[in-house]
Amino acid sequence: MPQDRRPSFTRHHSQDMRSSAAPGGVEHAVRVDLDDLVCQMPEGPDRDAFSKEMDDFYRLFTRYLHEKKHSKPLDWEKVRGPKPEDVIAYGDLEAKELKDIKPLLNKLAVLKLNGGLGTTMGCVGPKSAIEVRDSQTFLDLTVQQIEYLNQVSDADVPLILMNSFNTDEDTKKIVQKYSAHNVNICTFNQSRYPRFKTDSNLPLARNPDNRPGFWYPPGHGDLYESFANSGLLEQLIKDGKEWVFVSNVDNLGATVDPAILQHMADTGAEFVMEVTDKTKADIKGGTIIDYDGQVRLLEIAQVPKAHVDDFKRVKKFKIFNTNNLWISLKAIKRLVESQKFDLDLIVNHKTTDDGTAVIQLETAVGAAIKHFTGSHGVNVPRSRFLPVKSTSDLFLVTSDLYLLENGQLLMNPKRTFKTVPVVKLGDHFKKVNDYLARFKTPPQILELDHLTVTGDVCFSSDVTLEGTVIIVANYGAHIDIPRGAILNDKVVSGDLRLLDH
């Protein structure tokens, strides 16, 4: 695999170069700093892998500097909705059963993006370890899905977890409990890149130690490089695998779909992105567009400010990316080796605990759609997009709205409408522990359309919510929803304290 190697410099030289203010000196100073970080590692495989990561980061960094000076904003006049052939309706695909496509399943691997922590919901450790249903975690349910898939098809589909340095150690301990399950689990780490200072553009880290706040995982667009660097991509190809199905570990709707896999085989497409219809809750989601005759993924961060409202309109951009992706393994290998992955940069501004302004350069895995041959979208049912990004999402997946079957969440057939209720839980419910403490049992919501809860509110057991329900406890007030209460198109406010007997 081609590598962008450069001479190493001594640490003394590195410190001299950090103050360089000559034109073009920033690139050289950063290269020197990166080589210095590599030199501090003991010789061996870990150092070689770290050196490759620093080379990959340097290419990303130099792109950032170049685009900062020379890139032109998106030409909104060239943005068009996708052509009919660019997004195919799921209903137009030929229905298939898992047991009917064993030969194709034996050429498939499933990869879950497992680099995120549960900090948004107040949890410590990998997000995949959060309990979401019947005391089972995202990872438990994912393993059940793959085990069931292998059982009914008599195939051998491996499960691959792309961890980050934040989740790797804990995840490796967790997966040991699945050793007796009928699923082969592999893990690899995405890259670890250095944050750099906003003012000087120089890396914050002065040594390769994993100090909190100095390093970051560079988004799931890093999948392609880190997958190849791990050696796992090459091994899967040698084992006869042809495709990988990629999805977020917190999306319990992202199961292996036999119709889409058959479609991949029939069309020879190297990349298929699952999209689904937008609702007002999805206005920020990336969407497939036709840009100057090319299929591309448009993210809200790329949209000129004057056109952001236009981008958010559901009528114009009707679909969004679920991040369920079907990709050819050989195509990934080809594009990585030729260094063709110039994914759109996401410039993420952060502030460290001591107030230092820093930048993280990230990329998104779906942005690679423009690099693959035959890329297109498949407009899938909403049931294939069930992410849990907040406790409001957790409220839905733990409710009677869904039934759990072989690790998969299925819409309860007793629900009259197949749409998902809009749920907005306030700050008192933001952390998982607080959320759990405020519900004695999950409410029954089969007939719920909309729920908004703000303030200090607690729900007793056997509560039923129907229609539109709004519950507001003002500052200093508290509301108890009593046992067995049925709220149908109700607005509840004020101060209400009840004792269950």
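1. Let's start at H371, which counts as partly exposed because its relative accessibility is 21%. For these labels, buried means under 20% relative accessible area, exposed means over 50%, and partly exposed is in between, using a 1.4 Å probe and protein chains only. H371 sits in the loop between β17 and β18 (376-379). Helices (H or I, at least four residues) and strands (E, at least two) are DSSP runs, numbered from the N terminus. Leaving aside neighbours within four places in sequence, H371 is in contact with L335, K340, F341, D342 and L343; contact means heavy atoms within 4.5 Å. The C-alpha atoms of H371 and V295 are separated by 9.2 Å, with the two residues 76 apart along the chain.

2. A quick word on what you're looking at: this is a predicted model, where local features need pLDDT of at least 70 and side-chain atom pairs count only at pLDDT 80 or more, while totals for chains, interfaces and linings use all residues. Residues are numbered from 1 along each chain as its sequence is written, and side-chain values use heavy atoms, with hydrogens and water left out.

3. Now find the open sheet whose 3 strands come in the order β9-β17-β16, with antiparallel pairing. β9 (196-197) and β16 (346-351) are at the edges with a single partner strand each, so one side of each has no neighbour in the sheet. Helix α3 (residues 45-70) packs on this sheet and touches β9, β16 and β17; the direction of α3 makes about 110 degrees with that of β17. Axes here are lines fitted to C-alpha atoms, for helices over the stretch in contact, and angles run from 0 to 180 degrees between N-to-C directions.

4. Which residue of β17 is the bridge partner of F196? That's I359. β9 and β17 (residues 357-362) run antiparallel and are joined by 2 bridges. Two strands pair if DSSP finds at least two bridges between them.

5. α3 turns up again at the second largest pocket, where it gives the most to the lining, with 4 residues. That pocket holds about 840 Å³ of space. Its lining has 23 residues, and E67, S71, K72, D344 and L345 lie nearest the centre. The elements giving two or more residues to this lining are α3 and β16. On a 1 Å grid over the protein atoms alone, a pocket is an open set of points where a 1.4 Å probe fits, with protein on both sides within 12 Å along at least five of seven lines, and lining residues have an atom within 4 Å of a point. Grid points are joined across faces, edges and corners, and the volume is the space filled by probe spheres set on the points.

6. There's another open sheet of 3 strands, in the order β1-β13-β14, and its pairing is antiparallel. The edge strands β1 (79-80) and β14 (294-298) each pair on one side only. β1 is joined to β13 (residues 287-291) by 2 bridges, and V79 stands opposite Y291.

7. For a parallel case, look at β23 and β25 (residues 478-481), which pair over 4 bridges. C458 stands opposite D480 in β25. β23 (residues 456-459) has V457 and F459 on a covered face, and D456 and C458 on an uncovered one.

8. How many of the 15 residues of α2 are buried? It's 11, so α2 is largely enclosed by the rest of the structure. Among the buried ones are A29, V30, L34 and L37. α2 (residues 25-39) reaches 21 Å from first C-alpha to last, close to the 21 Å expected at 1.5 Å a residue. The expected span is 1.5 Å times one less than the number of residues.

9. α5 (residues 138-153) has 16 residues and reaches 23 Å between its first and last C-alpha, close to the expected 22 Å. Its buried residues include F138, L141, I146 and L149. D154 follows α5 and has a positive phi, near 60 degrees.

10. Most residues other than glycine have a negative phi, which makes a couple of others worth a look. D134, in the loop between β4 (131-133) and β5 (136-137), has a phi near 50 degrees. N201 has a phi of about 65 degrees and is placed in the loop between β9 and β10 (215-216). Are these residues buried or exposed? D134 is exposed, with a relative accessible area of 57%, whereas N201 counts as buried at 11%.
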